[in-house]
Amino acid sequence: MPQAERLRLMREENEWKNNLVMWLFPDSVRDQIPHFWQTWLRCWILCAAVYFGVGALWCYYTYFCFGDKWFAPGTIPAWKDIAEQMRVSNIAMPLYSMLPALTELAAEKGWTRAYPRVENVGLPAYVLYFFLYMTSVEFGVYWMHRILHWGPLYKYLHWDHHKYNKEHTLSPFAGLAFHPLDGVLQAVPYTWTLFYCPMHFLTHEILLFATGVWTTNIHDCLHGRVWPVMGAGYHTIHHTTYKHNYGHYFIFMDYLMGTLTTPEQYDADKAARATAKAKTAKAQ
């Protein structure tokens with residue numbers, strides 16, 4: 001497909017996505033908003049819808065429907081903690097939404113390797129590029145997350161998220177409760193990979209917004225036991241030890257880099273420490 005046609009289709013698709021939200025505004029208002037800012041506003045509104053919609057459903061299901069079965073007494077987070085996580089997330093969402101808006105602009109300008117239609121490359125190549133893209137994203141998110149645990153970056157950026165460091169303070173609404181720059185940095189591998197790996201653009205954007213659902217899931221403190229998925233059981237350990245399980249969707253990067261701790265291993269180590277402590281106290 002000629003580049004001009006590819007970019008035209010990209011622009012038309014992005015305008016169609018804007019229409020999913022911009023109908024909420026009167027035509028007299030909408031016509032005054034430039035395309036880029038419509039895109040940013042659409043991403044902000046959809047981000048908020050995903051965050052509050054999925055978070056509310058997740059909390060209702062896990063806390064109100066099955067909380068007495070899945071959580072020990074005193075481990076369900078208090079409303080004040082959940083409200084604080086909502087407040088932090090609301091402050092950050094406008095900046096979060098700038099990343100997909102800028103990515104769409106770059107794609108419309110032809111600066112990325114993104115393509116608008118699966119038939120541009122064919123289904124086999126689409127699948128191959130998808131796996132290459134996700135491999136790059138997993139690598140990038142792992143190292144970005146791990147770097148954010150370094151000294152000043154942790155103190156001034158990542159600590160805002162890690163103040164929720166116990167099971168009774170973590171909730172699905174903690175998923176987007178980051179310093180705004182921290183949240184963008186952890187998502188930026190989704191964007192930079194487009195500059196060297198061909199990727200269907202709509203699939204890229206669905207994956208980017210799917211992280212809003214995923215991050216809700218991994219902050220509910222429930223271990224799903226779905227190998228090799230880096231689920232909530234793994235991520236809860238990350239919030240309590242600070243030095244394990246930096247990965248995104250899967251455990252592979254942590255395994256390769258020696259930072260993986262499974263929930264089963266963590267529980268066994270915790271029990272061993274408790275036993276050793278009891279023996280020491282008895283000996284004294």
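Reading the terms

The protein chain holds 13 helices and two strands, in a model that is predicted. Its C-alpha atoms fill a box of roughly 80 × 40 × 40 Å along the principal axes. Of its 284 residues, 49% are buried.

Q: Why is the pair of F66 and W70 called stacked?
A: The ring centres of F66 and W70 are 4.9 Å apart, and rings count as a pair when their centres lie within 6.5 Å. The planes of the two rings stand at 20 degrees, and stacked requires under 30 degrees. The pair is therefore stacked.

Q: What makes the pair of Y249 and F250 tilted?
A: The centres of Y249 and F250 are 6.4 Å apart, and the limit for a pair is 6.5 Å. Their planes make an angle of 55 degrees. Under 30 degrees would be stacked and over 60 edge-to-face, so the rest is tilted. By this rule the count comes to 20 aromatic pairs.

Q: Which residues form one aromatic cluster with Y249 and F250?
A: W214, W227 and F252 form one cluster with Y249 and F250.

Q: Is F66 buried, partly exposed or exposed, and how do you know?
A: The relative accessible area of F66 is 27%. Buried means under 20% and exposed over 50%, so a value in between is partly exposed. F66 is therefore partly exposed. W70, at 37%, is also partly exposed.

Q: Why is R42 called buried?
A: The relative accessible area of R42 is 2%. Buried means under 20%, so R42 is buried. R42 has its place in helix α3, residues 35-65. Leaving aside neighbours within four places in sequence, R42 is in contact with N14, K17, N18, V21, E104 and E205.

Q: What makes S171 a buried residue?
A: S171 has 0% relative accessibility. The cut-off is under 20%, so S171 counts as buried. S171 is found in the loop between α8 (151-162) and α9 (180-192). Residues up to four places away in sequence not counted, S171 touches Y63, P77, I82, Q85 and H219.

Q: Why does N19 count as partly exposed?
A: The relative accessibility of N19 is 35%. N19 is in helix α1, residues 3-22. N19 and E108 are 89 residues apart in sequence, and their C-alpha atoms are 17 Å apart in space.

Q: Where does UniProt place the feature "transmembrane region", and what are those spans made of in the model?
A: The unreviewed UniProt entry places the feature at residues 40-63 and 126-145. Residues 40-63 are 100% helix and 0% strand, with end C-alpha atoms 33 Å apart. Residues 126-145 are also 100% helix and 0% strand, and their end C-alpha atoms lie 28 Å apart.

Methods:
Residues numbered from 1 in each chain as written. Predicted model: local features only at pLDDT ≥ 70, side-chain atom pairs only at ≥ 80, totals over all residues. Heavy atoms only, no water. Helix = DSSP H or I, 4+ residues; strand = E, 2+ residues; numbered from the N terminus. Buried < 20%, exposed > 50% of the residue type's maximum accessible area, 1.4 Å probe, protein only. Phe/Tyr/Trp six-rings, centres within 6.5 Å; stacked < 30°, edge-to-face > 60°. UniProt positions renumbered as here; feature names shortened; annotations may be inferred. Contact = heavy atoms within 4.5 Å.
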